[in-house]
Amino acid sequence: IGGIAAHCIAKYDGATWRTVGNASFQGAGSYTPQVYRLAIYNGELYATGTFDTVNSIDCKSIARWNGSQWQAPNTIFPSSVIVQGACVYNQELYMGVMYPSTHICEIVKYNTISMQTIGTLYGSVVSPGVLRSFGEKLYLGGYFSSINSIENMHNFAVWNGFSWSPFGDGPTNDTALADMDGSVSSLTVKDNNLYIGGYFKYLNNIQVNNIARYDGSTIHNLGTGVTGQYTSVTCMNLYNNQFYVAGDFDSIGGIAAENIAVLTDDGIITSLSHADISESVTIYPNPFTETWTIHFSDNEQHEIQIIDAFGKIITETRRSGKVSFMRNDIASGIYVVRITDTHGKISVRKIIAT
């Protein structure tokens with residue numbers, strides 16, 4: 001990053017990138033070391049993801065940085081664990097934990113002394129993607145149909161400190177049916193509002209197009225939302241008192257913006273451009289049942305990675321022109337297709353297996 005070697009985590013001082021650790025993974029499966037979330041807890045920076053060590057410290061997908069060195073938490077997970085969401089709520093650190101060997105996903109809370117499981121997720125595709133504290137509650141987005149014995153979660157749930165409940169009808173792409181094809185991938189709090197981003201057309205039967213504002217009682221759209229051929233909001237964050245929105249889109253709030261924009265009090269304005277190779281890539285059909293195809297118009301070689309909800313690379317190849325993929329043993333769900341050309345430019349798409 002910025003021309004320096006940095007394995008999964010780095011820090012930026014406004015002018016220069018610096019490395020702060022070397023994450024590695026030796027567990028089972030074709031995973032690569034990754035850091036998914038960062039959270040400040042108890043005066044330290046916690047990093048969660050898929051790794052066994054940071055700077056040779058045995059830390060099993062969760063590590064804490066005290067400003068000068070990495071350390072393991074007092075309670076660590078077994079090997080080959082993926083920790084996605086991380087958020088502080090009620091003075092405890094809440095995390096989404098996946099055990100790939102058993103396909104069990106849990107939400108746990110950690111108080112520097114011990115960990116406690118407060119929910120087990122179920123569904124055909126299960127992943128605890130993002131956690132965010134808002135008001136007096138904790139919000140969970142990802143892929144799941146139920147938590148513990150509570151049904152109809154629809155990939156978006158609320159924890160009040162004692163029990164889980166669904167967030168209304170949740171994120172969907174059809175108001176006539178509370179389906180499971182919508183998902184929440186990003187949650188950010190700004191000015192007493194919870195901003196919700198992901199892959200969905202409706203939230204609680206209100207058309208919002210992948211991004212919405214929640215004031216604690218009512219869902220509001222942000223103009224026409226995010227639009228484009230393949231649309232989603234994958235990341236939202238605050239920086240220098242500005243609210244950045246990033247994902248896969250051509251416009252946001254009716255204004256042209258290629259994959260990244262800034263939300264202001266007066267509306268949404270284009271702030272940055274993100275050069276990728278989207279124009280040279282076509283994926284069809286999407287959703288698909290048995291086969292699907294990638295067509296490259298530039299005739300160059302491209303590295304193709306197909307990644308499941310657990311972050312596991314299930315297919316990796318290098319092709320040009322037009323290439324078709326058989327479904328084989330792929331389960332129903334949403335997958336990420338990451339394409340890199342010979343110049344290092346990247347296009348990230350979502351594809352749905354029905």
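Where is the place of Pro287? I found Pro287 in the loop between strand 33 and strand 34.

**Ground rules**

I am reading a predicted model, in which local features need pLDDT of at least 70, side-chain atom pairs count only at pLDDT 80 or more, and totals for chains, interfaces and linings use all residues. Residues are numbered from 1 along each chain as its sequence is written, and side-chain values use heavy atoms, with hydrogens and water left out. I call two strands paired if DSSP finds at least two bridges between them.

**Entry 1: the loop with the prolines**

Asn286 and Pro287 are joined by a cis peptide bond, with omega about 10°. Pro285 belongs to the loop between strand 33 (281–284) and strand 34 (291–296) as well. The bond from Tyr284 to Pro285 is also cis, and its omega is near -15°.

Next I looked at the strands on either side. Strand 33 and strand 34 make a hairpin with six residues between them. Their pairing is antiparallel, over four bridges, and Val281 has Phe296 of strand 34 as its bridge partner. Strand 34 also pairs with strand 37 (residues 322–326), in the antiparallel sense and over five bridges. There I noted Thr291 opposite Met326 of strand 37.

**Entry 2**

I moved to strand 10 (residues 82–89), where seven of the eight residues are buried (under 20% relative accessible area; exposed is over 50%, partly exposed in between, with a 1.4 Å probe and protein chains only). Strand 10 runs antiparallel to strand 11 (residues 92–99), and six bridges join them. One of the pairs I looked up is Val83, whose bridge partner in strand 11 is Val97.

The two strands form a hairpin with two residues between them, and Asn90 in the turn has a positive phi of about 50°. Gln91 is found in the loop between strand 10 and strand 11. Its phi is near 65°, a positive value in a residue other than glycine. Is Gln91 buried or exposed? Gln91 counts as exposed, at 72% relative accessibility.

Thr112 sits in the loop between strand 12 (104–110) and strand 13 (115–122).

**Entry 2: Thr188**

Thr188 is part of strand 20 (residues 183–190). I have Thr188 down as buried, because its relative accessible area is 3%. What does the side chain of Thr188 reach? The side chain of Thr188 comes to 2.8 Å from the backbone oxygen of Met236. That falls under my polar contact rule: N or O atoms within 3.5 Å, within protein one able to donate a hydrogen and the other to accept it, and residues adjacent in sequence counted only if both atoms are side-chain atoms.

I then listed contacts (heavy atoms within 4.5 Å). Setting aside neighbours within four places in sequence, Thr188 is in contact with Arg132, Asn193, Leu194, Tyr195, Met236, Asn237, Leu238 and Phe243.

As a reminder to myself, strands of a sheet pair through backbone hydrogen bonds, either parallel or antiparallel. Here I found three strands in an open sheet, in the order 26-29-30, with antiparallel pairing. Strand 26 (226–227) and strand 30 (255–256) are at the edges with a single partner strand each, so one side of each has no neighbour in the sheet. Two bridges join strand 26 to strand 29 (residues 251–252), and Val226 stands opposite Ile252 of strand 29.

I also looked at Gly254, in the loop between strand 29 and strand 30. Gly254 is exposed, with a relative accessible area of 58%. The C-alpha atoms of Gly254 and Gly223 are separated by 7.1 Å, with the two residues 31 apart along the chain.
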